[in-house]
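Please open the model in the viewer and keep the selection tool at hand.

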Amino acid sequence: MTDIEEYLKTCSDDVRKINSNAPSAAASGTITPTEVLGSRSTVKGPSSGSKYKNVRTTYNGILYHSKKEADTARDLDLRVKSGDLTYWIRQVPFDLPGGVRYIADFLTFERYPTGYVGPDVVQDMWDVCVIEVKAWHKATAKHPVAGFAFTPEAKIKMKLFKEKYSQLTITII
């Protein structure tokens, strides 16, 4: 079993544990923000500590860090409904060298058959992709080149992630 397969198994076990402990998980299979945060399920306006002035947004009963992240979740749901994607999970932690932890915004899974292994047996393969949602900034006097907004810490984490999990693809949107 590769490191990635081992990690994904651990993630799915953790998700099952979380879902089995949640009061409404048996009925819906998901945890609501109210169960996680108590009565505080939405935040109005940009948080005071938000460097890029993100507005926390609720989609499908879940509080996301930004409107763009909530829109991405909606798009992923549409891809699952259309059959383009098997499933996805959010806020997936990855342990990196040096005790650093990187939390990916989304992890998507696409399952497709690869061919026959034996009589009536089809081996399936998984295409796993990490999706990171980043703000886009326009070119200004302060930032002469337009591009995705990465903090120095995020740049280091991306580099460490690519070294340790080279089999995974990171898509930045």
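Begin with the aromatic side chains: the structure holds ten aromatic pairs. Rings of Phe, Tyr and Trp (for Trp, the six-membered ring) pair if their centres lie within 6.5 Å; planes under 30 degrees apart count as stacked, over 60 as edge-to-face and the rest as tilted.

This is a predicted model, in which local features need pLDDT of at least 70 and side-chain atom pairs count only at pLDDT 80 or more, while totals for chains, interfaces and linings use all residues. Residues are numbered from 1 along each chain as its sequence is written, and side-chain values use heavy atoms, with hydrogens and water left out.

Select Tyr87 and Trp126. Their pair is edge-to-face, at 6.0 Å centre to centre with 75° between the planes. Because Tyr87 belongs to strand β3 and Trp126 to strand β5 (residues 121–132), the pair ties together parts that are 39 residues apart in sequence. Strands here are DSSP runs of E with at least two residues, helices are runs of H or I with at least four, and numbering starts from the N terminus. Tyr87 is partly exposed, with a relative accessible area of 37%, and Trp126 is partly exposed at 39%. Buried means under 20% relative accessible area, exposed over 50%, and partly exposed in between (1.4 Å probe, protein chains only).

Phe109 is buried, with a relative accessible area of 5%.

Next, select Phe94, Tyr102, Phe161 and Tyr165, which form one aromatic cluster.

Move to Arg90, which lies over the face of Tyr64 at 4.6 Å from the ring centre. The criterion is NZ of Lys or CZ of Arg within 6 Å of the ring centre and within 35 degrees of the ring normal.

Now select Ala149, in the loop between β7 (147–148) and α5 (152–164). Is Ala149 buried or exposed? Ala149 is buried, with a relative accessible area of 5%. Trp136 is 13 residues from Ala149 in sequence and 5.8 Å from Ala149 in space, C-alpha to C-alpha.

Finally, colour by pLDDT, the predictor's confidence in each residue, from 0 to 100. The mean for the protein is 74, and 62% of its residues reach 70 or more. Over residues 15–43 the pLDDT is below 50. Where pLDDT is low, the predicted coordinates should not be read in detail.

Key. Contact means heavy atoms within 4.5 Å.
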